[in-house]
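Work through these exercises with the model open beside you. Try each task before you read its solution.

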Amino acid sequence: MQGTMMNFPLTLAHVLGRAGQLYSATEIVSRLPDKSLHRQTYADFHRRARALGAALQKLGLKKGDRVATLMWNHYAHLEAYFGIPCAGGVLHTLNLRLHPDDIAYIINHADDKVIIVDGSLIPLLARVRDQIPNVQHIIVAGDGDTTGLLNVLDYETLLAAEPAGYEWPELDERDAAIMCYTSGTTGNPKGVV
């Protein structure tokens, strides 16, 4: 005998799809680093998160690859929170308040392939660039001076290049989605999936 529980995978792709379908006209408002407001609908969010997933896979993202974000809390970071794990990657945020040595340690320990960074936080990332040789791509959301950074891509350009209709890969609900790191107060930062 089997239980009567619905056999349906609990993945972020289903959460994102449902939000895009049921709340497509509902507005999401976020404040940008320059204090301006950004407005988009859940339909926009759904489309853009899918475009981010497609763009990352075109860049070579494979299931389980780690993608770091060094971003403020706004619309592009929300898109990353869904686009990365739904495409099979593992997202983890870099705490911008940590010492640059700790940030470099986390990037290397996580074996990040891609970093998505706010333009306003490029100076912080530039301080560790020589210590993170395995990062293949740096994606910049917003304006910022990228002098000295290698393999830099523009977030909006990447998303605009992706056609509609990207289909998420098949994922297991037990696949890693997000990693969080400690602040390293009692030694090197430690990550948990």
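Predicted model: local features only at pLDDT ≥ 70, side-chain atom pairs only at ≥ 80, totals over all residues.

**Exercise 1. A histidine in helix 2**

Is histidine 46 buried or exposed? Which residues does histidine 46 touch, not counting residues up to four places away in sequence?

Solution. 
- Step 1. Locate histidine 46 in helix 2.
- Step 2. Its relative accessible area is 17%, so histidine 46 is buried.
- Step 3. Leave out residues up to four places away in sequence. Histidine 46 then touches Leu16, Gly17 and Gly20.
- Step 4. Link back to Exercise 1. Leu16 and Gly20 are among the buried residues of helix 1.

**Exercise 2. Reading the sheet**

In what order do the seven strands of the open sheet stand?

Solution. 
- Step 1. The order is 7-6-5-3-4-8-9, and the pairing is mixed.
- Step 2. Find the edges. Strand 7 (152-154) and strand 9 (191-192) stand there with a single partner strand each, so one side of each has no neighbour in the sheet.
- Step 3. Strand 7 runs parallel to strand 6 (residues 137-141), and three bridges join them. Isoleucine 138 has valine 152 in strand 7 as its bridge partner.
- Step 4. Move to strand 3 (residues 66-70). Four of its five residues are buried, so strand 3 is largely enclosed by the rest of the structure.
- Step 5. Pair strand 3 with strand 4 (residues 90-93). They are parallel and share four bridges.

**Exercise 3. A hairpin**

How many residues lie between strand 1 and strand 2 in their hairpin?

Solution. 
- Step 1. Count the turn: five residues lie between the two strands.
- Step 2. Lysine 35 in the turn has a positive phi of about 80 degrees.
- Step 3. Read the pairing. Strand 1 and strand 2 run antiparallel, joined by five bridges. Serine 30 is paired with histidine 38 in strand 2.
- Step 4. Compare the faces of strand 2. His38 and Gln40 make the covered face, while Leu37, Arg39 and Thr41 make the uncovered one.
- Step 5. Glutamate 27 forms a salt bridge with arginine 39, with the closest N and O atoms 2.9 Å apart. Glutamate 27 is in strand 1 (residues 27-31) and arginine 39 in strand 2 (residues 37-41), twelve residues apart.
- Step 6. At 44% relative accessibility, glutamate 27 is partly exposed.

**Exercise 4. Salt bridges across the chain**

How many salt bridges does a search of the whole structure find?

Solution. 
- Step 1. The search finds nine.
- Step 2. Take arginine 48 and glutamate 156. Their closest N and O atoms are 2.8 Å apart. Arginine 48 is in helix 2 and glutamate 156 in helix 6 (residues 155-160), 108 residues apart.
- Step 3. Compare the partners. Arginine 48 is buried at 11% relative accessibility, whereas glutamate 156 is partly exposed at 33%.
- Step 4. Take arginine 50 and glutamate 167, whose salt bridge spans 3.9 Å, N to O. Arginine 50 is in helix 2, and glutamate 167 is in the loop between helix 6 and strand 8 (178-181).
- Step 5. Compare again. Arginine 50 is buried at 17%, but glutamate 167 is exposed at 59%.
- Step 6. Look for shared partners. Arg48, Glu79 and Glu156 are joined into one network.

**Exercise 5. A nonpolar patch**

Which residues make the nonpolar surface patch of about 390 Å²?

Solution. 
- Step 1. The patch is made by Met6, Phe8 and Leu10.
- Step 2. At 41% relative accessibility, phenylalanine 8 counts as partly exposed.

Definitions and conventions:
Residues numbered from 1 in each chain as written. Heavy atoms only, no water. Buried < 20%, exposed > 50% of the residue type's maximum accessible area, 1.4 Å probe, protein only. Pairing = 2+ DSSP bridges. Salt bridge = Lys/Arg side-chain N within 4 Å of Asp/Glu carboxyl O. Patch = residues over 30% accessible without salt bridge, like charges linked within 9 Å, V, L, I, M, F, W, Y side chains within 5 Å. Areas by Shrake-Rupley, 256 points an atom, 1.4 Å probe, with all protein chains shown as cover. Contact = heavy atoms within 4.5 Å.
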